[in-house]
2 protein chains.
Amino acid sequence: MFNKDCFLDHIAVAVENLDVAEKVYQDLGLTFDKRETVLDQQVETSFAHIDENAHIELLMPIDKKGPIQAFLEKKGPGIHHMCYRVPDVVKKSEELTALGYKLLYETPRSGANNCLVNFIHPKSTGGVLIEISQKM
Amino acid sequence: MFNKDCFLDHIAVAVENLDVAEKVYQDLGLTFDKRETVLDQQVETSFAHIDENAHIELLMPIDKKGPIQAFLEKKGPGIHHMCYRVPDVVKKSEELTALGYKLLYETPRSGANNCLVNFIHPKSTGGVLIEISQKM
């Protein structure tokens with residue numbers, strides 16, 4: 001059984017075109033049910049359920065700035081991060097910082113889907129950008 | 001709700017050391033419950049539940065050959081692929097090939113956890129190596 005205090009919220013994939021990217025996962029068998037613009041990250045997102053709680057989240061830049069545009073220019077399209085849901089993102093951020101992990105934000109910020117989020121730097125995790133998220 | 005005919009089986013992460021990598025996800029809140037050696041891929045794997053069906057699968061090379069060792073040498077540690085469970089991997093491979101996707105194996109092969117698997121080449125999917133898997 002998975003731990004209700006830490007489970008996958010989503011896998012985020014940086015894409016150049018939402019319609020083209022959705023088709024790949026639709027051909028696989030997934031169904032997309034929601035798009036949302038996240039101005040703070042300068043992206044349009046599209047969500048499909050991939051398990052009981054988890055989604056795949058496609059991220060397309062909405063202008064030529066922002067972290068996803070920078071990622072696409074540097075690495076090309078691909079998996080950008082994975083996100084785990086925790087009960088208290090402020091507390092978890094403090095715990096991880098105390099353990100020596102490098103967090104991206106000093107204070108958690110608003111993300112997609114009405115969540116409060118922070119990120120652990122890939123240098124702290126063995127090459128994986130990990131988001132932690134709390135439902136508001 | 002997710003589609004029972006296509007859901008996340010696992011996210012695979014290439015790591016240099018299983019003990020070090022497990023500690024990151026344990027600090028996050030996950031619990032690892034199983035290790036398994038997959039000789040065909042020349043890796044030792046470690047699994048933790050991340051949702052109802054899905055796992056994170058850490059992959060460490062067991063010698064200086066094999067696809068995960070090659071990935072680590074080329075890109076460093078990080079997310080290697082994501083895997084979706086389908087009811088019939090032979091049929092799904094044929095369907096995807098007919099739609100123009102490039103599959104890695106002509107015929108599905110045995111993978112970890114007693115599964116029959118195939119992979120869709122990242123060039124066909126927008127930069128993501130996607131495994132499809134059927135429970136045997």
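Which residue in β4(A) is the bridge partner of His10(A)? It is His55(A), and the points below set that pair in its surroundings.

1. A word on the ground rules. This is a predicted model, in which local features need pLDDT of at least 70, side-chain atom pairs count only at pLDDT 80 or more, and totals for chains, interfaces and linings use all residues. Residues are numbered from 1 along each chain as its sequence is written, chains are lettered from A and ligands numbered from 1 in the order in which they are written, and side-chain values use heavy atoms, with hydrogens and water left out.

2. Now the sheet. Chain A has an open sheet of eight strands with mixed pairing, in the order β2-β3-β4-β1-β5-β8-β7-β6. Strands here are DSSP runs of E with at least two residues, helices are runs of H or I with at least four, and both are numbered from the N terminus. Two strands pair if DSSP finds at least two bridges between them. At the edges are β2 (32-38) and β6 (109-111) of chain A, each pairing on one side only. On average, neighbouring strands are turned by 35 degrees against each other, direction ignored; axes are lines fitted to C-alpha atoms, for helices over the stretch in contact, and angles run from 0 to 180 degrees between N-to-C directions.

3. Back to the opening pair: β1 (residues 7-14) and β4 (residues 55-61) of chain A run in the parallel sense over five bridges. The other chain has a part in this sheet too. Helix α1 (residues 18-28) of chain B packs on it, touching β5 (78-85), β7 (115-120) and β8 (130-135) of chain A, and its direction makes about 15 degrees with that of β8(A). Contact means heavy atoms within 4.5 Å.

4. Have a look at β3 (residues 43-49) of chain A, where six of the seven residues are buried (under 20% relative accessible area; exposed is over 50% and partly exposed in between, with a 1.4 Å probe and protein chains only). β3(A) pairs with β2(A) in the antiparallel sense over six bridges, and Ala48(A) is the bridge partner of Phe32(A). Four residues separate these two strands in a hairpin, and Gln42(A) in the turn has a positive phi of about 55 degrees. β3(A) is also antiparallel to β4(A), over seven bridges; there Val43(A) stands opposite Pro61(A), and a hairpin of five residues joins the two strands.

5. How are the copies related?

6. Finally, some side chains. There are zero disulfides over all chains, a disulfide being a pair of cysteine sulfur atoms within 2.5 Å. The sulfur of Cys83(A) is 7.0 Å from the closest cysteine sulfur, in Cys115(A), so it is too far for a bond. Cys83(A) is buried at 0% relative accessible area.
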